[in-house]
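Biologist: Thanks for sitting down with me. Could we go through this model term by term, setting each value against its cut-off?

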Amino acid sequence: MSLFTQEKVKYVGTKGLKAGDGFHYYNPDEMINGKKMSEWLKFSVAYWHTMDQRLVDPFGDGTAQRPWDNITDPMEQALAKVDYLFEFLDKMNVEYFAFHDRDLAPEGDTLRETNENLDKVIDKIVEKMQETGKKVLWNTSSLFTNPRFVAGGATAPFADILAYSAAQIKHSLEIAKRVNSENYVFWGGREGYESLLNTDMKREQEHIAKFFKMAKDYANEIGYTGQFLLEPKPKEPTSHQYDTDAATTIAFLKEYGLEDIFKLNLEGNHAYLAGHTYEHEVRVARDAGLLGSLDANMGDKLIGWDIDEFPNDIYEATLVMYEMLKDGGLKTGGLNFDAKPRRQSFTMDDLFLAHTAGMDTYAAGLKVASRLIEDKVLDDVITDRYSSFDSGIGADFESGKVTFKELEDYIIDIPQEKLIESTKSGHLEQLKATLNNYIFSTLGK
C-alpha cells in the first residue's frame, strides 16, 4: 500500500519549461565519460531534513505538514518514518540516505535506554534495506543538540561529557557496521569556542585528535571499513569552529597525523559562511588528495546563517562537478541533500519538487562539466598561462636547480619593458562568457 499520493518521479527530458513533471536533466542511465549518470551522482536523502525538519527559522516555529504528524507516540512515529523514508527513496529514484543517530529515535534517561530505542529503529532500517537494496551513504552522531553538549563533545572541558561522547560514537560506529555505511562523518557542531578568555585551545584540539584516533582504533577492532570523513564549518553555532574551512581542516589533519584516516565532506552553504566559493573548497580538498563526499546544498549570500537551501545554481553546480570529474569521481562519497525546502514550501509535494530540482541541477552541471573537460576549455588556458615554467629558467626553478643568486643574475639587467612583455592577459571575461556559452548550448540541446 502506498503511503504517498505522489507518483514516482521519472525522466521526461527537456521538452517544456515548467518544472515539476519529472526530471529534465537527471537521466540515471545516460552515459557521461564512460559511466552512467547515476554512478557519478550518488544522490542521498538526508534523514534529518527530509524526515525530521519542521522548517523552523530563528524567528518562527515550524510550518512543515507531514503525513506522520498525527502519530503521537515518539517510538511509533520513529518506526513509521522508516516506512515513509523508503517509499520516498523509491519514488525519487534515490539509492542512498544518510542520518545522525539522534534523527532516528527519541532519547531515554540514560545512554543505555537511548541505545535500546535506537536499535529498534535500526532493526527496521536493516530489514527495509534488505528488501529494497537501498544503501547508507554515511551516518554520523549528534554531539551538539542535547544541552549536555553546551561546550562541545570531544572538545568539552568536562571529562564526563567527553566520556559520553566516546560511548555515543562507539555505538554509532557499531551501527555503521550493521548498515554497511560507506562512510562515517564527524561533524563537530559545537567543537570550537565562544571566547579564548576561558578556552585552552591547544588542549581541546589535542583532545579531539586523540578522540579521532580512538574512533579509528575501534572501527578497526569491529571490522568497520567505511571511509572516515570530517566536515568543515566556519561558525554557527560557536563563534569559531576548529574545522573552519577545508584548508584549516587539512592543516589540522596533518598536524596530528590523521591525513591517512580522513577525507573531507564538503558543503556549499558552509563554503559561503567561510567566505569561499563551493568550488574553491572542493579544489582545496582535491589538490590535497582528500576529497571525500559532497553535501549538495547552497546558501543565500545575503543571509548570514546556514539556511541549507536545495541547490539551484547551474553555474556553481557545473564548477563543482568539474572538480569532481577531474578527481575521477567521489570514490566512496556521493551527493547528499543536506537541504530543506523553504519555510513557505511546507507541503509534501514541495519535498518531492525540491529533491527533483536539486537532482536536475547537479545532473545539468555534470553534463556541462563533462563537455568542458572533453574540449579542454580550461586545461588549454591554464597550460598556456603557466608555459614559462615548462622550459628555461622556470623549469630550472621548479626542479630546484637554481638559487636566489642565480635568479637574480638571470633577471637583474632585463629592462622593465621586456618584463611587461613576458606577461599575458588572463582573458577572464572571455572565459566567463565561454562558460556561459557551454551552459546554454549543453542544456539547450
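Modeller: Gladly. Let me start with burial: buried means under 20% relative accessible area, exposed over 50%, and partly exposed in between, using a 1.4 Å probe and protein chains only. Helices (H or I, at least four residues) and strands (E, at least two) are DSSP runs numbered from the N terminus. This is a predicted model, in which local features need pLDDT of at least 70 and side-chain atom pairs count only at pLDDT 80 or more, while totals for chains, interfaces and linings use all residues. Residues are numbered from 1 along each chain as its sequence is written, and side-chain values use heavy atoms, with hydrogens and water left out.

Biologist: What makes H3 largely enclosed by the rest of the structure?

Modeller: Of its 19 residues, 14 are buried, so H3 is described as largely enclosed by the rest of the structure.

Biologist: What is found at the start of H3, and what just after it?

Modeller: At the start, a side-chain oxygen of aspartate 73 comes within 3.2 Å of the backbone nitrogen of methionine 75. A polar contact is a pair of N or O atoms within 3.5 Å; within protein, one must be able to donate a hydrogen and the other to accept it, and residues adjacent in sequence count only if both atoms are side-chain atoms. Just after H3, asparagine 93 has a positive phi of about 60°.

Biologist: On to the rings. How many aromatic pairs does a search of the whole structure find?

Modeller: The search finds 26. Rings of Phe, Tyr and Trp (its six-membered ring) pair if their centres lie within 6.5 Å; planes under 30 degrees apart count as stacked, over 60 as edge-to-face and the rest as tilted.

Biologist: Why is the pair of phenylalanine 4 and phenylalanine 352 called edge-to-face?

Modeller: The centres are 5.5 Å apart and the planes stand at 85°, which makes the pair edge-to-face. It links distant parts of the chain, 348 residues apart: phenylalanine 4 is in the segment before strand E1 (31-32), and phenylalanine 352 is in helix H12 (residues 348-374). Phenylalanine 4 counts as buried at 6% relative accessibility, and phenylalanine 352 is buried at 4%.

Biologist: And why is the pair of phenylalanine 228 and phenylalanine 262 called tilted?

Modeller: Their planes are at 55° and their centres 5.6 Å apart, so the pair is tilted. Phenylalanine 228 belongs to strand E8 (residues 227-230) and phenylalanine 262 to strand E10 (residues 262-267), 34 residues apart. Phenylalanine 228 is buried, at 1%, and phenylalanine 262 is buried too, at 1%.

Biologist: What makes lysine 216 a charge over the ring of phenylalanine 228?

Modeller: A charge sits over a ring if NZ of Lys or CZ of Arg is within 6 Å of the ring centre and within 35 degrees of the ring normal. The charged end of lysine 216 is 5.3 Å from the centre of the phenylalanine 228 ring, and sits over it. Lysine 301 lies over the face of tyrosine 272, at 4.1 Å from the ring centre.

Biologist: Which strands close into the barrel?

Modeller: The 8 strands run in the order E3-E4-E5-E6-E8-E10-E11-E12, with parallel pairing. The twist averages 30° from one strand to the next.

Biologist: How do you know that E8 and E10 pair?

Modeller: Two strands pair if DSSP finds at least two bridges between them. E8 and E10 run parallel and are joined by 3 bridges, with phenylalanine 262 as the bridge partner of phenylalanine 228. E10 also pairs in the parallel sense with strand E11 (residues 291-295), over 4 bridges, and leucine 264 stands opposite leucine 291 there.

Biologist: What makes E10 largely enclosed?

Modeller: In E10, 5 of the 6 residues are buried, so the rest of the structure largely encloses this strand.

Biologist: Last one: why is threonine 434 called partly exposed?

Modeller: Threonine 434, in helix H17 (residues 428-443), has a relative accessible area of 23%, and is therefore partly exposed.

How values were computed
Axes are lines fitted to C-alpha atoms, for helices over the stretch in contact, and angles run from 0 to 180 degrees between N-to-C directions.
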